[in-house]
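Me: I have a chain open here and have not looked at it before. Can you walk me through it?
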Amino acid sequence: MRVLSIDFGDKTIGLALKDSSLDLVMPIVAIQRSVSENYFQSIKEVIQSKSIDIIVVGIPLKLDGSDGAQATKTRVFIDQLSTVIDNSIFTVDESFSSVEATSNLVNSGMDSKKLADVIDSAAACVILERFVKESPLLD
């Protein structure tokens, strides 16, 4: 089973991939929303080219578990995405995924000047790792 994780942001959509035959989560090049007018088509192309089975989208919940403004935007994005793809879409709480991803990258020795280029896909990796831990689908 191949899983695509999405970290939906106002400027960038981070992507990560997991193939259940490998114990590895891999970042994919992020989609710049300002550059890609039809980012849904870009996501659909990734889904087709990578033979993705299911989609996981991170929802940035507030500390009390409720939706804030960005979570609401993300849910609208999910609703729109579901109209252009046939894949099942799951969600996972992505709270602090960017903080965790930044910490992971800094601890791995990445130059802080290069963080901005990869942080969204690194956050998508964190989201996907959380989903893998929580989901019986990938057992």
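Reply: One term to begin with: a residue is buried under 20% relative accessible area, exposed over 50% and partly exposed in between, using a 1.4 Å probe and protein chains only. At 18% relative accessibility, Asn 87 therefore counts as buried.

Me: What kind of model is this, and how are residues numbered?
Reply: The model is predicted; local features need pLDDT of at least 70, side-chain atom pairs count only at pLDDT 80 or more, and totals for chains, interfaces and linings use all residues. Residues are numbered from 1 along each chain as its sequence is written, and side-chain values use heavy atoms, with hydrogens and water left out.

Me: Back to Asn 87. Where is Asn 87 found?
Reply: Asn 87 sits in the loop between H2 and S5. Those labels come from DSSP runs, numbered from the N terminus: helices are H or I with at least four residues, strands are E with at least two.

Me: Which residues is Asn 87 in contact with, leaving aside its neighbours within four places in sequence?
Reply: Ile 47, Ile 52, Asp 53, Ile 54 and Ile 55. Contact means heavy atoms within 4.5 Å. For Ile 52, the separation from Asn 87 is 35 residues in sequence and 8.0 Å in space, C-alpha to C-alpha.

Me: Zooming out, how many helices and strands are in the chain?
Reply: The chain has four helices and five strands. Along the sequence the pattern reads β-β-β-α-β-α-β-α-α. Of the 139 residues, 45% are buried.

Me: In what order do the five strands form the sheet?
Reply: The order is S3-S2-S1-S4-S5, in an open sheet with mixed pairing. Strands S3 (25–32) and S5 (88–93) are the edges, each pairing on one side only. Two strands pair if DSSP finds at least two bridges between them.

Me: Which strands run antiparallel to S2?
Reply: S1 does, joined to S2 by seven bridges, and S3 does, joined to S2 (residues 12–19) by six. S1 and S2 form a hairpin with three residues between them. In that pairing, Arg 2 stands opposite Asp 19 in S2. On the S3 side, Ala 16 is opposite Pro 27.

Me: And in what sense do S1 and S4 pair?
Reply: Parallel, over four bridges. There, Val 3 stands opposite Ile 54 in S4.

Me: How many of the seven residues in S1 are buried?
Reply: Six of them, so S1 is mostly covered under the cut-off given above.

Me: What packs on the sheet?
Reply: Helix H1 (residues 39–49) does, touching strand S1 (2–8), S2, S3 and strand S4 (54–59). The direction of H1 makes about 160 degrees with that of S1. Helix H2 (residues 69–81) also packs there, touching S1, S4 and S5, and the direction of H2 makes about 160 degrees with that of S4. Axes are lines fitted to C-alpha atoms, for helices over the stretch in contact, and angles run from 0 to 180 degrees between N-to-C directions.

Me: At what angle do H1 and H2 pack?
Reply: At about 65 degrees, with their axes 11 Å apart. Tyr 39, Phe 40 and Ile 43 in H1 meet Phe 77, Gln 80 and Leu 81 in H2. The residues of this contact divide into five nonpolar, one polar and no charged. Here Ala, Val, Leu, Ile, Met, Phe, Trp, Tyr, Cys and Pro count as nonpolar, Asp, Glu, Lys and Arg as charged, and the others, Gly among them, as polar.

Me: What about Phe 8 and Phe 77?
Reply: That pair is stacked, at 4.2 Å centre to centre and 20 degrees between the planes. Since Phe 77 lies in helix H2 and Phe 8 in strand S1, the pair ties together parts that are 69 residues apart in sequence.

How values were computed:
Rings of Phe, Tyr and Trp (its six-membered ring) pair if their centres lie within 6.5 Å; planes under 30 degrees apart count as stacked, over 60 as edge-to-face and the rest as tilted.
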